[in-house]
Amino acid sequence: MTAPTPDTDLAGAAETTAQAVAQGRQRPLLRPLLRHPFGAVSLTVLTAIVVCCALARLIAPYPRDASDFTHELSGPAGAHWLGTDEQGRDIATRLLYGGQSTLLAAALATVIAVAIGTALGIVSGYQRGRTDRAVTFWGDLLLTIPVLV
């Protein structure tokens, strides 16, 4: 018995997906992720982080910029779960509120990238020829930048 090659695996997956779509069934998105324990744990942790940051006003132990000058640079304790910084601010509270800004920036960057990519893809696919080559060239050029930096 021979081992399946990646080409046959991809072809089989494409056929299975095409059959499922033809029959009106959709392939579940989370099932492959949840099939592996590491994927399930990762999804759970990511969901917990997003929910905690979204509910920061409700679950944060202190106001955003509240200072406790009697506990500057203290370690983790009952009053301050992750300790305090040099100005006596609770680190857990600052992480929760800081996570909101980070998640908002990531979501906004994703939305902008999808909008620009979709628009360029539609124009490139519709116009073809030089336009397609120019968009592909600039896309390839942008993909090399992280390697150069």
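These questions and answers concern a predicted model.

Reader: In which helix is confidence highest in the chain?

Author: The mean pLDDT of the chain is 85, and 80% of its residues reach 70 or more. Where pLDDT is low, the predicted coordinates should not be read in detail. Confidence is lowest in helix 1 (residues 6-22), at a mean of 56. The highest value, 95, belongs to helix 5.

Reader: Are helix 3 and helix 5 roughly parallel or roughly perpendicular to each other?

Author: The axes of helix 3 (residues 37-54) and helix 5 (residues 91-127) come within 8 Å, crossing at roughly 105 degrees. Angles of 65 to 115 degrees count as roughly perpendicular. Helix 3 and helix 5 are therefore roughly perpendicular.

Reader: Is threonine 84 buried or exposed?

Author: Threonine 84 sits in the loop between helix 4 (56-59) and helix 5. Buried means under 20% relative accessible area. Because its relative accessibility is 4%, threonine 84 counts as buried.

Reader: Which backbone nitrogen lies 3.0 Å from a polar atom of the side chain of threonine 84?

Author: Beyond four places in sequence, threonine 84 touches His71, Glu72, Leu73, Ser74, Arg89, Asp90 and Ile91. A polar atom of the threonine 84 side chain lies 3.2 Å from the backbone nitrogen of leucine 73. The backbone nitrogen at 3.0 Å is that of serine 74.

Technical notes: Residues are numbered from 1 along each chain as its sequence is written. Side-chain values use heavy atoms; hydrogens and water are left out. Axes are lines fitted to C-alpha atoms, for helices over the stretch in contact, and angles run from 0 to 180 degrees between N-to-C directions. Helices (H or I, at least four residues) and strands (E, at least two) are DSSP runs, numbered from the N terminus. Angles under 35 degrees count as roughly parallel, over 145 as roughly antiparallel, 65 to 115 as roughly perpendicular and the rest as oblique. pLDDT is the predictor's confidence in each residue, from 0 to 100. Buried means under 20% relative accessible area, exposed over 50%, partly exposed in between (1.4 Å probe, protein chains only). A polar contact is a pair of N or O atoms within 3.5 Å; within protein, one must be able to donate a hydrogen and the other to accept it, and residues adjacent in sequence count only if both atoms are side-chain atoms. Contact means heavy atoms within 4.5 Å.
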